[in-house]
Amino acid sequence: YGASGTETLSGLAQFVANPGALRPMVLAGMILTMVGFAFKVSAAPFHMWTPDVYEGAPTVVTGFMASVGKVAAFGVFLRVFWVAFSANRDHWSLLIITAAILSMIVGNIVALVQTNIKRMLAYSSIGHAGYAVIALLNPSRDSLFALMFYMFAYLFMTLGAFGIILILRRKGIEAEEISDFVGLNKKNPMAAFLMLIFMFSLAGIPPFGGFLAKFYVFMAAVHAGYTWLAVVGVLLSAVGAYYYIRVVMAMYMKDPVEPVEFMPNRMEGMALFVTAGMTVLLGVFPLPFVHYIETSLAILVP
């Protein structure tokens, strides 16, 4: 604003499109704006608040921040940089690539050593921010579709995972450490099966929505000429699958200490049914949702 004198996205777009407008103040403003959005979406290296806040906040608040808040932040991130700063993509694309790589590395590697499941999911969300940021590199319909589908799938599988943790805590299980999920399949098969769906989807294992979400993002990167970045994403996604599978192994391959009641009330059951159902449908029958997103794209990108 100090350099351009306008707060509208269209006004900023016109201003920065002028070759003579790229003064140091404008570049500094673009960089600081990106830092602010990277902080909001938990992208490295501005992610340090995420694990502590996710662990310390009430589970229902953590679930909201990890899903709804992040999806909204990506929506604003996309609009500002694709609308206001699209003419200067060459000046900020390197920052996007750096944030994507760092987020995927930090999120997936550090999550491997976490024992607290909320901290694990916090680092997981940092890794997912890295995958999603890849779609911001190229302002095209393919990239916009990939980001929208990714956020759509991420919303349900993340809400579902935190929903299981929340309900288990209300039923007498601490559900803070991964060790609290030991033998959950024998304690309550329904809770374990739902958590398995969400863990496999977050890991990007077919036939769940998380697999297609990552596939679309990586394909968008390939079409934009960033094949090497897609390869890095696939490799780090394979590394990250371990810590999700570790939760599944604890639930299914170890003996429980004692049984636990898992009978969600009507609203809780409906929420779990919707999140699990959508996570599965997005993987095995995605066409209705693909058409819905494409219809939205026709409105957003004439």
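How many residues does the largest nonpolar core have, and which of them have the most contacts inside it?

Guide: The model is predicted: local features need pLDDT of at least 70, side-chain atom pairs count only at pLDDT 80 or more, and totals for chains, interfaces and linings use all residues. Residues are numbered from 1 along each chain as its sequence is written, and side-chain values use heavy atoms, with hydrogens and water left out.

The largest nonpolar core has 97 residues. Phe-74, Ile-117, Met-120, Leu-121 and Met-199 have the most contacts inside it. A core here is a set of buried Ala, Val, Leu, Ile, Met, Phe, Trp, Tyr and Cys residues joined through side-chain atoms within 4.5 Å. Buried means under 20% relative accessible area, exposed means over 50%, and partly exposed is in between (1.4 Å probe, protein chains only). Helix α7, residues 141–170, gives the most to this core, with 17 residues. Helices (H or I, at least four residues) and strands (E, at least two) are DSSP runs, numbered from the N terminus.

Now the aromatic side chains. Phe-74 also belongs to an aromatic cluster with Phe-37, Phe-77, Phe-81, Phe-85 and Trp-92. Rings of Phe, Tyr and Trp (its six-membered ring) pair if their centres lie within 6.5 Å; planes under 30 degrees apart count as stacked, over 60 as edge-to-face and the rest as tilted. That rule gives 18 aromatic pairs. In one of them, Trp-49 and Tyr-54, the centres are 6.4 Å apart and the planes stand at 75°, so the pair is edge-to-face. Trp-49 is partly exposed at 23% relative accessibility, whereas Tyr-54 is buried at 1%. Tyr-243 and Tyr-244 make a tilted pair, 4.5 Å centre to centre with 45° between the planes. Tyr-243 and Tyr-244 are both buried.

Next, the charged contacts. The whole structure holds 2 salt bridges, each a side-chain nitrogen of Lys or Arg within 4 Å of a carboxyl oxygen of Asp or Glu. Arg-119 meets Asp-52 at 2.9 Å, N to O. Arg-119 sits in helix α6 (residues 117–134) and Asp-52 in helix α3 (residues 49–56), 67 residues apart. Arg-119 also meets Glu-55 at 2.9 Å, N to O. Glu-55 lies in helix α3 and Arg-119 in helix α6, so this pair ties together parts that are 64 residues apart in sequence. Arg-119 counts as buried at 18% relative accessibility; Glu-55, at 31%, counts as partly exposed.

Finally, the surface. Met-267, Met-270, Phe-273 and Val-274 form a nonpolar patch with about 460 Å² of accessible area together. Patch residues have over 30% relative accessible area and no salt bridge; like charges are joined within 9 Å, nonpolar side chains (Val, Leu, Ile, Met, Phe, Trp, Tyr) within 5 Å. Areas come from the Shrake-Rupley method with a 1.4 Å probe; for residues, only the protein chains shown count as cover. Phe-273 lies in helix α12, residues 266–284. Phe-273 is exposed, at 65% relative accessible area.
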